[in-house]
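User: I'm new to reading structures. Can you take me through the bonds and bridges in this one, step by step?

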Amino acid sequence: QVQLVESGGGLVQTGGSLRLSCAASEGSINTYDMAWFRQAPGLEDEYVATISWNGGTKFYADSVKGRFTVSRDNAGNTVFLQMSSLKPEDTANYYCAARRRPVGAVTVYFKKDDYEYWGQGTQVTVSS
């Protein structure tokens, strides 16, 4: 069982930066591929980024590529999302998700339901 807790959200102006954290309050994420998703009011969940269990593979949605960076600290049982050059359209509740690492090649999954665990999220609001 893994419980994920996100933090680091807040209100920021356009062009600003935030660093989100996703910590496992129970269990270990060291053998899990981790992803970030976001959901804005009235919209569906949107895939943001993935980092493989060992940090060797990273993948980003086109909408955030070049502005967001995903990283992890397995010793600290935490995953991060560094967000820069923020835009009003980045406003959403951001949450992390965990999926046990595959036996074979790394596969990137883009839907929330493809993951086994996810947290409640942290709100990011970007003002114009």
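User: Which residue does a disulfide join to Cys-22?

Analyst: This is a predicted model, where local features need pLDDT of at least 70, side-chain atom pairs count only at pLDDT 80 or more, and totals for chains, interfaces and linings use all residues. Residues are numbered from 1 along each chain as its sequence is written, and side-chain values use heavy atoms, with hydrogens and water left out. A disulfide is a pair of cysteine sulfur atoms within 2.5 Å. Here the S to S distance is 2.0 Å, and the partner of Cys-22 is Cys-96.

User: How many residues apart in sequence are the parts that Cys-22 and Cys-96 tie together?

Analyst: Strands (E, at least two residues) and helices (H or I, at least four) are DSSP runs, numbered from the N terminus. Cys-22 lies in strand β3 (residues 18–26) and Cys-96 lies in strand β9. So the parts tied together are apart in sequence by 74 residues.

User: Is Cys-22 buried or exposed?

Analyst: Buried means under 20% relative accessible area, exposed means over 50%, and partly exposed is in between (1.4 Å probe, protein chains only). Cys-22 has 0% relative accessibility, so the term is buried.

User: What is the handedness of the disulfide of Cys-22 and Cys-96?

Analyst: Look at the torsion about the S-S bond of Cys-22 and Cys-96. The value is about 65 degrees, so this disulfide is right-handed.

User: Now the charged side chains. Which residue meets Glu-46 in a salt bridge?

Analyst: A salt bridge is a side-chain nitrogen of Lys or Arg within 4 Å of a carboxyl oxygen of Asp or Glu. For Glu-46, the N to O distance is 2.9 Å, and the partner is Arg-38.

User: Where does Asp-90 lie, the residue that Arg-38 is paired with?

Analyst: Arg-38 also forms a salt bridge with Asp-90, with the closest N and O atoms 2.9 Å apart. The pair links distant parts of the chain, 52 residues apart. Arg-38 is in strand β4 (residues 32–39), while Asp-90 is in the loop between β8 (78–83) and β9 (92–100).

User: Why is Arg-38 called buried?

Analyst: Check the relative accessible area of Arg-38. Arg-38 is buried because that value is 5%.

User: Which residues are linked with Asp-90 in a network of salt bridges?

Analyst: Asp-90 also meets Arg-67 in a salt bridge, at 2.7 Å from N to O. That pair is 23 residues apart, with Arg-67 in the loop between β6 (58–60) and β7 (68–73). Linked with Asp-90 in the network are Arg-38, Glu-46 and Arg-67.
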